[in-house]
Amino acid sequence: MLPPGSTIGILGGGQLGRMLAVAAAQLGFKVHIYAPDAESVAAEVTAHHSQAAWDDEPRLAAFAAACDAVTFEFENVPVDTVRFLSGHVAVRPGAAGLEIAQDRLTEKSFVADLGGRPAPFAAVPGRAALDGAIAGIGTPAILKTVRMGYDGKGQARLATSEDADTAWESIGRHSAVLEGFVDFAHEFSVILVRGIDGEIRYWDSTVNVHDAGILATASLPPPPIVLEQQDAARAMMAGIADALDYVGVLTGEFFATDDGPVFNEMAPRVHNSGHWTIEGAETSQFENHIRAVAGLPLGSTATRALPVTMRNLIGADIAAVPDLLADPHCHVHHYSKTEVRPGRKLGHATWVGSEPAA
Ligand code: AMP
């Protein structure tokens, strides 16, 4: 158990790190952000910051020496960075979950081996393999790069086999996986926290609505089909967390289908669909992640009040902040990023126990 005053290191400097840092401060911890980017909205709220490359071993060693435990908020931190740090300081969760989540093919095979149910998939290491994959999986289908895909990036839809060349070019000819198109009723997520002693707690599953591959809203209560499938999806995620001896918050994204929950992907970190827990749950995903990393007892994940709506403020949406603030029931989170770009997550707004006015 880390005593108050200890320093928690966070790899990555985005909004997830910022919200983790605020939660850590509430529990009396100091936070040290490590990230290569010039702008770090996380470091703006912490006392310590290393701006250095992921492979800068002297800087990593100095960072490890300054921290009592390290975690990450960014799922594309190189696995070698986490391995290197693990030789110097406790890193929670460890490299195993990160390594699996960074590779869609490994991730799907890992989940299937544990008895989980991903969408039908086939490896597409090169263009030549795509035709065989289409023959096996059928169309419609989605071609996704094996690595570095997020928020719908690195993906191309194929309506028919005629789209093979266009799809292959549009994902940049990278090693990929072809997925059968899932005919789903809704998308939902399971967010769990696993403590250092193996205890697991779950937040209620939100129904998630995406726009152009990016999460737009997460809300509670979800439609009945999601409630019916929540337990099966939780069991799948608990199996993953136990197999990895995972410590911290772990997220799984699912499709609710007529045949039960289909696993889409996992994130070994706090998740955008869990931002509502700051105001909407007894203990937020950020606080419980810090509690787990610090070896502290976990807090209750119970929902405080229904309904709950979390709406992302993406790109130009950020201009709505003054109007949102005029609604006394709206909780506004502005990430203070300087550059407004289409598709960039710049903030979010949450309503608990009331509906958004508009
Ligand atoms: P991902 O980056 O894999 O989470 O995909 C982004 C979004 O694309 C998902 O949230 C879904 O809305 C959609 N999507 C991804 N994979 C599939 C699939 N196999 N079938 C249907 N829709 C999908």
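Which helices and strands each supply at least two residues of the lining of the second largest pocket? In this predicted model, the elements that do so are the helices α1 (15-26), α9 (277-280) and α10 (285-293), together with the strand β16 (330-334).

## The second largest pocket

The second largest pocket has a volume of about 310 Å³. It is lined by 17 residues, and those closest to its centre are Met19, Val22, Ala23, Ile278 and His333. Among the elements that contribute, α1 gives the most to this lining, with five residues.

Sorted by class, the lining of the second largest pocket is made up of eight nonpolar, five polar and four charged residues.

## Domains and the place of the pocket

The chain is divided into three parts, namely domain 1 (7-91), domain 2 (120-180) and domain 3 (186-352). The second largest pocket lies between domain 1 and domain 3, because both of these domains give residues to its lining. For domain 2 and domain 3, the centres, taken over C-alpha atoms, are separated by 28 Å.

## Aromatic pairs

The count of aromatic pairs in the model comes to six.

Phe254 is buried, as is Phe263.

## A buried asparagine in a loop

Asn272 is found in the loop between β14 (260-267) and α9, the latter being one of the helices that supply at least two residues to the lining of the second largest pocket. Is Asn272 buried or exposed? With a relative accessible area of 7%, Asn272 is buried, because this value falls under the 20% cut-off. The side chain of Asn272 also makes a polar contact with the side chain of Asn312, at 2.7 Å.

Key
Residues numbered from 1 in each chain as written. Predicted model: local features only at pLDDT ≥ 70, side-chain atom pairs only at ≥ 80, totals over all residues. Heavy atoms only, no water. 1 Å grid on protein atoms, 1.4 Å probe; cavity = no way out; pocket = protein on both sides within 12 Å on 5 of 7 lines; lining within 4 Å. Points joined across faces, edges and corners; volume = space filled by probe spheres on them. Helix = DSSP H or I, 4+ residues; strand = E, 2+ residues; numbered from the N terminus. Nonpolar A, V, L, I, M, F, W, Y, C, P; charged D, E, K, R; others polar. Domains from an automatic or database assignment. Phe/Tyr/Trp six-rings, centres within 6.5 Å; stacked < 30°, edge-to-face > 60°. Buried < 20%, exposed > 50% of the residue type's maximum accessible area, 1.4 Å probe, protein only. Polar contact = N/O pair within 3.5 Å; in protein donor to acceptor, adjacent residues only side chain to side chain.
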